[in-house]
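Keep the viewer open and follow along.

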Amino acid sequence: MQNAPAQEIKLLVVDIDGTISGESNTVSQAVKEAIAAVQAKGIPVAIATGRMYRSALRFHQDLNSTLPLMAYQGAWIQDPVSQKIHQHSPVARDIAEQLLDYFEQPALRSLLSVHFYINDQLYVREVTPETQTYAARSGITPIAVGDLRQTLSNEPTKILALCDDTSVIQDLLGNLRRQYTPAELYMTTSVATFFEATNAVVNKGNAVRYLAEEILGLQSHNVMTIGDNFNDLEMLEYAGIGVAMGNAPDGVQAIADWVAPSVEVDGAATAIEKFLLA
């Protein structure tokens with residue numbers, strides 16, 4: 001992070017859950033107004049999220065964003081207006097099979113709800129209570145297929161394992177990080193109960209870099225990012241101004257240039273006002 005002067009910021013990138021959307025699963029009027037004011041100054045606003053592309057679309061529309069939407073941690077970057085897919089980097093089929101084998105060990109199988117995201121659809125072995133909660137918040141209908149291996153004629157954009165016991169997720173993350181190097185697989189948590197895996201080249205930092213540098217012709221010091229969890233680390237570190245939410249874990253707050261108030265008190269609006277509207 002470079003602590004860029006605010007006047008050099010020419011792109012704002014925000015996460016959704018825990019950043020611009022809290023318990024209500026909507027964007028508050030205060031955040032919408034702050035973002036509209038930034039856009040009125042000629043600074044475009046983009047979304048980088050772990051959500052599915054079609055689950056994130058309503059937020060993209062709420063913000064009146066004109067930029068490509070970075071979904072699945074940036075594994076899927078698509079322009080909702082032209083429908084052009086700028087990037088799609090799925091998980092290799094052999095690694096997806098290995099992860100499924102790991103998740104289906106007797107000690108883990110009953111503890112985890114496993115999600116495969118393929119062609120912007122959600123496939124599950126069975127619809128568990130955890131999946132139902134996830135699907136309701138996402139506005140997505142999961143497709144139960146029994147054995148997930150039968151979906152692998154196409155490579156998954158993202159693989160997610162859910163468990164309400166956060167210690168199980170932490171153990172999973174630690175064990176799999178010992179099995180796969182960062183060059184083989186990107187692994188993170190977007191909330192404490194979600195283990196997420198994508199292609200090794202995928203993270204929000206790389207996605208924001210692609211949008212800023214390849215599409216908009218900007219540099220990192222021209223970018224401000226706001227996020228709340230470990231899947232936001234790379235984009236907070238990339239940006240000239242990286243803001244963590246007050247509800248972010250300590251490890252995320254520690255690397256940020258500034259820590260905003262929490263999502264439930266419109267902390268993203270406060271950050272935008274401080275750096276871009278003052």
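## Ser113 and its partners

The side chain of Ser113 makes a polar contact with the side chain of Thr128 at 2.6 Å, and another with the side chain of Glu130 at 3.5 Å. A polar contact here is a pair of N or O atoms within 3.5 Å; within protein, one must be able to donate a hydrogen and the other to accept it, and residues adjacent in sequence count only if both atoms are side-chain atoms. This is a predicted model, where local features need pLDDT of at least 70 and side-chain atom pairs count only at pLDDT 80 or more, while totals for chains, interfaces and linings use all residues. Residues are numbered from 1 along each chain as its sequence is written, and side-chain values use heavy atoms, with hydrogens and water left out.

Ser113 sits in strand 6 (residues 113–118). Helices (H or I, at least four residues) and strands (E, at least two) are DSSP runs, numbered from the N terminus. With 3% relative accessibility, Ser113 counts as buried; that label means under 20% relative accessible area, with exposed over 50% and partly exposed in between (1.4 Å probe, protein chains only). Setting aside neighbours within four places in sequence, Ser113 is in contact (heavy atoms within 4.5 Å) with Thr128, Glu130, Thr131, Leu160, Ala161 and Leu162. For a sense of scale, Ser113 and Val259 are 33 Å apart, C-alpha to C-alpha, and 146 residues apart in sequence.

## Two nonpolar cores

A nonpolar core is a set of buried Ala, Val, Leu, Ile, Met, Phe, Trp, Tyr and Cys residues joined through side-chain atoms within 4.5 Å. The largest one has 46 residues, and Leu12, Met224 and Ile226 touch the most other members. Helix 10 (residues 267–276) supplies the largest share of this core, six residues. Apart from it there is another core of 27 residues, including Tyr102, Leu108, Cys163 and Leu185.

Zoom in on Met224: beyond residues up to four places away in sequence, Met224 touches, among others, Ile9, Leu12, Val13, Ile241, Val243 and Phe275. As for Phe275, Lys274 lies over its face at 5.4 Å from the ring centre. That takes NZ of Lys or CZ of Arg within 6 Å of the ring centre and within 35 degrees of the ring normal.

## Loop residues worth a click

Asp15 is in the loop between strand 1 (11–14) and helix 1 (29–40), and is buried at 4% relative accessible area. The side chains of Asp15 and Thr19 are joined by a polar contact of 2.8 Å. Not counting residues up to four places away in sequence, Asp15 also touches Ile20, Ala48, Thr49, Lys204, Ile226, Gly227, Asp228, Asp232 and Met235.

Asn222 is in the loop between helix 7 and strand 12 (223–227), and at 8% relative accessibility Asn222 counts as buried too. What does its side chain find 3.0 Å away? A polar atom of that side chain lies 3.0 Å from the backbone oxygen of Glu8. Ala6 is 216 residues from Asn222 along the chain, yet their C-alpha atoms are separated by 8.6 Å.

## Helix 7

Helix 7 (residues 204–215) has twelve residues and reaches 15 Å from first C-alpha to last, close to the expected 16 Å; the expected span is 1.5 Å times one less than the number of residues. Asn203 caps the N-terminal end of helix 7, with a side-chain oxygen 2.8 Å from the backbone nitrogen of Gly205. Just after the helix, Gly217 takes a positive phi of about 70°. The buried residues of helix 7 are Lys204, Gly205, Ala207, Val208, Tyr210, Leu211 and Ala212.

## Aromatic pairs

The whole structure holds seven aromatic pairs. Rings of Phe, Tyr and Trp (its six-membered ring) pair if their centres lie within 6.5 Å; planes under 30 degrees apart count as stacked, over 60 as edge-to-face and the rest as tilted. Tyr53 and Trp76 are stacked, 6.3 Å centre to centre with 25° between the planes. This pair links distant parts of the chain, with Tyr53 in helix 2 (residues 53–62) and Trp76 in strand 4 (residues 76–78). Tyr53 is buried at 5% relative accessible area, and Trp76 at 8% relative accessibility.

Ring pairs link Tyr53, Tyr72, Trp76, Tyr117, Tyr134 and Phe194 into a cluster. Lys158 lies over the face of Tyr117, 5.1 Å from the ring centre.
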